[in-house]
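I opened my notebook to look up a metal site and some helix packing. My notes follow the order in which I checked things.

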Amino acid sequence: MAGNALEALLQALASGAVKVVDLTQPLQAATPVIQLPPIFAPSKPFSMQEISRYDERGPGWYWNNIACGEHTGTHFDAPIHWVTGKDYPNNATHNIPVERFIGPAFVIDVAKEVAANPDFLLNEEGVQSWEKRHARITPKSWVLVRTDWSKRANPQDYLNIKQDGAHTPGFHKSAVEFLAKQRDVLGVGVETVGTDAGQASNFDPMFPCHTLMHGSNKFGLASLTNLDQLPPTGAMVIAPPLKIVNGSGSPLRVLALVPAG
Ligand code: MN
């Protein structure tokens, strides 16, 4: 029964049999923001201004005004974010059915490949090879790509911008098509600043993960961390964005429930 299932989960959380892993980066002024080619409009970094802190401006309370682009730090990409997803119903942060924010996690580890090549792209063959070694990816799941890119603590190393643009890993269009069409995932999550590779403005189609994932009414999660604490299968991810009306995305807290041991 559903009631018993929830009770069992709560007991597992209380006993530590299931642990909670935070997949979220700290959100602060230093949080790196995606740098698009200069012909495109930029997004504001995170900022915070104090309103009062137990002082004459508010003797008993502390609070701040905050500002940032929707796609800042660990954040959610809604289908409406991309022109290919603009006509789906319920495609923005306030009206996506909330059931779609929770699902099993399939974690594809390409950290070795990325260590050898920062421009590494996960392709369909790579996903299928992972499935042969682990499990078939089930519908309505999150596919998270572990690159260990979040271990680059210095923002310059994290963005990795050279004369010809950013060099960060991502997806070949074949993997995105496979996951969206053949596996019907909720979306994909990555450790880099966006779900597409650093060089993806030069790909065909341009930004293939955004184009094809949102074009299939699916989601993105960017700037995740601690993916090295997740098993390849068996974890559950909870990733609800802020309920911004007509929002294209939002910073969010992403949690994973993971069986201990
Ligand atoms: Mn985004």
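I start with a reminder to myself: this is a predicted model.

**Entry 1: helix H5 against helix H6**

I looked up how H5 passes H6, and I noted a right-handed crossing. H5 covers residues 173-182, and H6 covers residues 208-215. Their axes come within 9 Å and cross at roughly 15°. Angles under 35 degrees count as roughly parallel, so H5 and H6 are roughly parallel to each other.

Next I listed the residues that meet. H5 brings Lys173, Val176, Glu177, Leu179 and Ala180. H6 brings Pro208, Cys209, Leu212 and Met213. I sorted this contact by class: seven residues are nonpolar, none is polar and two are charged.

**Entry 2: helix H3 against helix H5**

I then turned to H3, residues 124-133. The axes of H3 and H5 come within 7 Å and cross at roughly 50°. That angle makes H3 oblique to H5. From H3, I wrote down Glu124, Val127, Gln128 and Glu131. From H5, I wrote down Ser174, Ala175, Phe178 and Leu179. By class, I found four nonpolar, two polar and two charged residues in this contact.

**Entry 3: the buried side of H5**

Which residues of H5 are buried? I found Ser174, Ala175, Val176, Phe178, Leu179 and Ala180. The helices are H3 and H6. The strands are E6 (121-122), E7 (142-146), E10 (170-171) and E11 (187-189). Just after H5, I noticed that aspartate 184 takes a positive phi of about 50°.

**Entry 4: proline 208**

Is proline 208 buried or exposed? Its relative accessibility is 2%, so proline 208 counts as buried; the cut-off for buried is under 20%.

I left aside its neighbours within four places in sequence and listed its other contacts: Phe171, Lys173, Val176, Asp196, Ala200, Phe203 and Met213. For phenylalanine 171, I also looked up the separation from proline 208. The two are 37 residues apart in sequence and 7.5 Å apart in space, C-alpha to C-alpha.

**Entry 5: the manganese ion**

Which protein donors does the manganese ion have? I found His71 through ND1, His75 through NE2 and Asp77 through OD. These donors lie 2.1 to 2.3 Å from the manganese ion. Along the chain, I read their spacing as H-x3-H-x1-D. I checked burial here too: histidine 75 is buried, and so is aspartate 77.

Conventions: Residues numbered from 1 in each chain as written. Predicted model: local features only at pLDDT ≥ 70, side-chain atom pairs only at ≥ 80, totals over all residues. Heavy atoms only, no water. Axes fitted to C-alpha atoms, helices over the stretch in contact; angles between N-to-C directions. Helix = DSSP H or I, 4+ residues; strand = E, 2+ residues; numbered from the N terminus. Parallel < 35°, antiparallel > 145°, perpendicular 65-115°, else oblique. Left-handed = near helix turned anticlockwise from the far one by under 90°. Contact = heavy atoms within 4.5 Å. Nonpolar A, V, L, I, M, F, W, Y, C, P; charged D, E, K, R; others polar. Donors = N, O, S within 2.8 Å, 3.2 Å for Na, K, Ca; no water. Buried < 20%, exposed > 50% of the residue type's maximum accessible area, 1.4 Å probe, protein only.
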